[in-house]
Amino acid sequence: MPDTLYARVERICEALCGVRGVHADVRATQPTGIVYIDPPYTGTTGYPALAFDVLGFARARAVTCWVSERVPITPHATQLRDRRVGGI
């Protein structure tokens, strides 16, 4: 698994060459590109200090928001999968 994970991360890094990423509390940002949110999955123990309405936040943005979740959060959700169970 570590070699597979390393290879995946390496491909992502190569594809994102020139992209500026920001690691921050998404509620305090004014994104101009895309937003990737990886909150605790619905129905799991979360981080109470960081709890917020992910769907409401995503809908209120004028940019594309990608949200990691184990179940679809809207009828129009897109599931990203690879060859293994559970996603990419």
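**Around Tyr36**

Modeller: The protein chain has an accessible surface of about 7,600 Å² (Shrake-Rupley method, 1.4 Å probe; for residues, only the protein chains shown count as cover), and 58% of that surface belongs to carbon and sulfur atoms. This is a predicted model, in which local features need pLDDT of at least 70 and side-chain atom pairs count only at pLDDT 80 or more, while totals for chains, interfaces and linings use all residues. Residues are numbered from 1 along each chain as its sequence is written, and side-chain values use heavy atoms, with hydrogens and water left out.

The chain averages a pLDDT (the predictor's confidence in each residue, from 0 to 100) of 76, and 81% of the residues score at least 70. Its secondary structure amounts to two helices and two strands (DSSP runs, H or I of at least four residues and E of at least two, numbered from the N terminus), which follow the pattern α-β-α-β along the sequence. Confidence is highest in helix α1, residues 2–15, at a mean of 84, and lowest in β1, at 81, and it is strand β1, residues 34–37, that holds Tyr36.

Of the 88 residues in the chain, 16% count as buried (under 20% relative accessible area; exposed is over 50%, partly exposed in between). Tyr36 is not among the buried residues, because its relative accessibility of 54% makes it exposed. Ser68, which is placed in the segment after β2 (64–67), counts as buried because its relative accessibility is 15%.

Setting aside residues up to four places away in sequence, Ser68 touches Tyr36, Ile37, Asp38, Pro39 and Tyr41 (heavy atoms within 4.5 Å). Tyr36 is also reached from strand β2, where Trp66 is found: beyond its neighbours within four places, Trp66 is in contact with Ile34, Val35, Tyr36, Ile37 and Leu80. Trp66 counts as partly exposed because its relative accessibility is 39%, and its C-alpha lies 9.5 Å from that of Ala77, which is 11 residues apart from Trp66 in sequence. Over the whole chain, among contacts between residues at least 6 apart in sequence, 60% join residues at least 24 apart.

Technical notes:
Buried means under 20% relative accessible area, exposed over 50%, partly exposed in between (1.4 Å probe, protein chains only).
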